[in-house]
Number of protein chains: 2
Amino acid sequence: MDSLGNTIRKLREDKELPLRTVAAFLDIDQAILSKIERGHRNPTREQVVKLAAYFKVKENDLLVAWLSDKLLYEVEDEDMALKALQVAEEKVKYITKNKKK
Amino acid sequence: MDSLGNTIRKLREDKELPLRTVAAFLDIDQAILSKIERGHRNPTREQVVKLAAYFKVKENDLLVAWLSDKLLYEVEDEDMALKALQVAEEKVKYITKNKKK
DNA sequence: TATAAATTTGACAAATTATGTCAAAACACA
DNA sequence: TGTGTTTTGACATAATTTGTCAAATTTATA
């Protein structure tokens, strides 16, 4: 299970691109991209979307990795992390079901 | 499935306490407690802990409700909400497993 | 109904967190 | 060593959270 940062780094290194180039495309300083790849920063949603387009990978896959990372960050250090995630899941299912009607 | 706000409201009304009193205990303006009970604001972790003690209910139960609410807020509007929650769950399980060693 | 208590609302302020820049340090390697 | 790349940390700016306050609304009751 690769982290989002790792995935991005692999994609970039496969194309042998320096941080500078990809960062310029994202319109941010390369320092941030470095931190993102190393998992010291979370990218914004918009950055993830841009990266998916740039590397031609499924946007949804990257977004799921991104969002789950954010959730992980939210529950880290909490004993009830798993329980909370499961309850949240139930709530989402409940909400989705009622929306369909 | 009661929301956290609703749970708190019920606890307060059972004791026939005005917002003012509980808010004072939490050291916040009653306006905020009103919003919390109505689900227009999320309480802080500290406030939840205080409320559990105040109403003598299991801290963990309230915290799970609180944390799952935050997660829900984080994924709302996202199509991949459920998927992201499930992936996050896997990640938590993975992390927990490796911590034990 | 009148009025007092309780609650809700919205405009605004303060505090916190997220996002970014920049420059210097560390690294890779011909 | 010299060049290009990456990493780090101090700092600035932007966005979001958390809170106050006062007025408006609702609820209870004399």
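**Protein–DNA contacts and salt bridges in a predicted model**

Around DNA strand C lie 19 residues, of which A:D29, B:R9, B:L19, B:R20 and B:Q30 are the closest, a residue being near a molecule or strand if one of its heavy atoms lies within 4 Å of it. Of the atoms of DNA strand C that come within 4 Å of the protein, 52% belong to sugar and phosphate. The structure is a predicted model, in which local features need pLDDT of at least 70 and side-chain atom pairs count only at pLDDT 80 or more, whereas totals for chains, interfaces and linings use all residues. Residues are numbered from 1 along each chain as its sequence is written, chains are lettered from A and ligands numbered from 1 in the order in which they are written, and side-chain values use heavy atoms, with hydrogens and water left out.

Several side chains reach the phosphates of DNA strand C. The elements that give two or more residues to the surface near DNA strand C are α3 of chain A and, from chain B, α1 (4-14), α2 (19-26) and α3, where helices (H or I, at least four residues) are DSSP runs numbered from the N terminus. The largest share of this surface, four residues, comes from α3(B). By class, the surface near DNA strand C has six nonpolar, six polar and seven charged residues; here Ala, Val, Leu, Ile, Met, Phe, Trp, Tyr, Cys and Pro count as nonpolar, Asp, Glu, Lys and Arg as charged, and the others, Gly among them, as polar.

Around DNA strand D there are 18 residues, and A:R9, A:L19, A:R20, A:Q30 and B:D29 come nearest. Sugar and phosphate make up 52% of the atoms of DNA strand D that come within 4 Å of the protein. Two or more residues of the surface near DNA strand D are given by each of α1 (4-14), α2 (19-26) and α3 (30-37) of chain A and by α3 (30-37) of chain B. The largest share, four residues, comes from α3(A), and the surface near DNA strand D has seven nonpolar, four polar and seven charged residues.

Over all chains, the count comes to 14 salt bridges, a salt bridge being a side-chain nitrogen of Lys or Arg within 4 Å of a carboxyl oxygen of Asp or Glu. One of them is formed by A:K91 and B:D69, with the closest N and O atoms 2.8 Å apart; A:K91 lies in helix α6 (residues 81-100) of chain A and B:D69 in helix α5 of chain B, so the pair joins two chains. A:K91 counts as buried at 9% relative accessibility, and B:D69 is likewise buried, with a relative accessible area of 16%, where buried means under 20% relative accessible area, exposed over 50% and partly exposed in between (1.4 Å probe, protein chains only). The side chain of A:K91 is also joined to that of B:S68 by a polar contact of 2.8 Å, defined as a pair of N or O atoms within 3.5 Å, of which, within protein, one must be able to donate a hydrogen and the other to accept it, residues adjacent in sequence counting only if both atoms are side-chain atoms. B:S68 is placed in helix α5 (residues 59-75) of chain B and, at 0% relative accessibility, counts as buried.

Within chain B, the side chains of B:E37 and B:R9 meet in a salt bridge of 2.5 Å, N to O, which links helix α3, holding B:E37, with helix α1, holding B:R9, across 28 residues of the chain. B:E37 is buried, with a relative accessible area of 4%, whereas B:R9 counts as partly exposed at 23% relative accessibility. A salt bridge of 2.7 Å, N to O, is formed by the side chains of B:E37 and B:R12, and B:R12, in helix α1 of chain B, is 25 residues apart from B:E37. In chain A, salt bridges that share partners join A:R9, A:R12 and A:E37 into one network.
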